Amino acid sequence: METETRVLPPTEEALELAAALLRQGELVAFPTETVYGLGANALDPQAVLRIFAAKGRPADNPLIVHIWDKAQLADLCEVSADAEKLMDACWPGPLTILCPKKALVPDEVTAGLPSVGIRMPSHPAARAMLRRCGLPVAAPSANLSTRPSPTTAAHVLEDMNGRIPLILDGGPCEVGLESTVLDMTGDMPVVLRPGAVTPEMIRDIVGSVRVADSVMRPLREGEAAPSPGMKHKHYAPRGHLTILKGKREDVIREIIRRYDASENAVILASTGNVPAYGGRRVMDMGPDLSAAAHNLFSLLRRADGLGIARLYAEAVSDGGVGLAVMNRMARAAGFDIEEAGTEGLPSCPPQTE
Ligand code: TXA
Ligand code: MG
């Protein structure tokens, strides 16, 4: 039977309702500074299984546990000295830290893995909800599996209408991309998913960091995924997306050459480049990397809404939060990333002896 889905601003009463639903083992979608989450009581396996059902999420993809107070960690995981430094420097904020889990965390949350991802979000509505319910809350992004993560309550409603009882509407998410996922269970911190907390920031806090190579390339056949999320299709618009990289003029020229309005196409361009595309259909990614992060998922959903079949995006630089933007774009494109300015060059005549 369908559930009626209410969308409410995070007033005292709505937060009380959210807390009550979570305590009863129900699902609540809530805003965070990164993307909207689909929350359930992390200590209740039945509640956690409802998340997987509502999203259509593969059961082998573990969930992040959200807390509002470090005192909650004692029941959940072991915290190394370096992990604690990162928590003190980056929490509340968009950093998920993988730590060895304790027995109280159900296997349904971690998909049977020995580590658990923990995050303390900074969004005031998320904090208020977590404090009121008094529970650690397991929450993936509140989208149907494979769709772009939701950055507004309207996006959540698009995917979850009739599937969950409540969406707390806290307005558009500031960051727009999911948290950085950092594995702190080994000898060296490893970024499994880049986000607004950058490798540079992590290195400044704990002295060293490595970025998993699978962040910017597809997994090879038979290769084990360091994070199960890497092997699943993600963030994809319904149309086919190609990313063009290279010198600015080459990228613009190549996109114009390929763009065919009869295909129902759109171009994702940075603000400064928009005029260069003339009357073609362009979506503005914004003037800088933070704007691109903020806008990306929302634009992919808008393209879906317009029935766009073909998307061309300008690559962005992969410094700072640009690594996170390129990681999500690359996955949305199924890693169709091409160099502009090399195709069509005269090739060398074959050498003859
Ligand atoms: O910003 C965010 O992190 C949002 C908000 C709601 O907090 N949540 C989010 O959750 O993006 P989700 O489930 O969409 O992505 C979690 C990612 C997945 O790629 C998952 O595989 C990985 O984190 N992950 C979680 N726990 C893990 C673990 N123990 N080991 C390896 N990877 C883990
Ligand atoms: Mg997700």
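User: Which side chains meet Arg 328 in a salt bridge?
Analyst: In this predicted model, the side chain of Arg 328 forms a salt bridge with that of Glu 178, at 2.8 Å from N to O. A salt bridge here is a side-chain nitrogen of Lys or Arg within 4 Å of a carboxyl oxygen of Asp or Glu.

User: What is the count of salt bridges between domain 1 and domain 2?
Analyst: Four salt bridges link domain 1 and domain 2. Domain 1 covers 6-216 and domain 2 covers 240-339, with bounds from an automatic or database domain assignment.

User: How far apart do the C-alpha centres lie, and how many residues does the contact take?
Analyst: The C-alpha centres of domain 1 and domain 2 are 28 Å apart. The contact (heavy atoms within 4.5 Å) takes 27 residues from domain 1 and 20 residues from domain 2.

User: And what is the area buried there?
Analyst: About 1800 Å² is buried between domain 1 and domain 2, with carbon and sulfur atoms giving 60%. Buried area is the accessible area (1.4 Å probe) that two parts lose on being put together, summed over both.

User: Which three residues supply more than any others on the domain 1 side?
Analyst: Pro 148, Leu 177 and Met 216 supply 34% of the area that domain 1 buries against domain 2, more than any other three residues.

User: On conventions, how are residues numbered?
Analyst: Residues are numbered from 1 along each chain as its sequence is written, and chains are lettered from A and ligands numbered from 1 in the order written. Local features need pLDDT of at least 70, side-chain atom pairs count only at pLDDT 80 or more, totals for chains, interfaces and linings use all residues, and side-chain values use heavy atoms, leaving out hydrogens and water.
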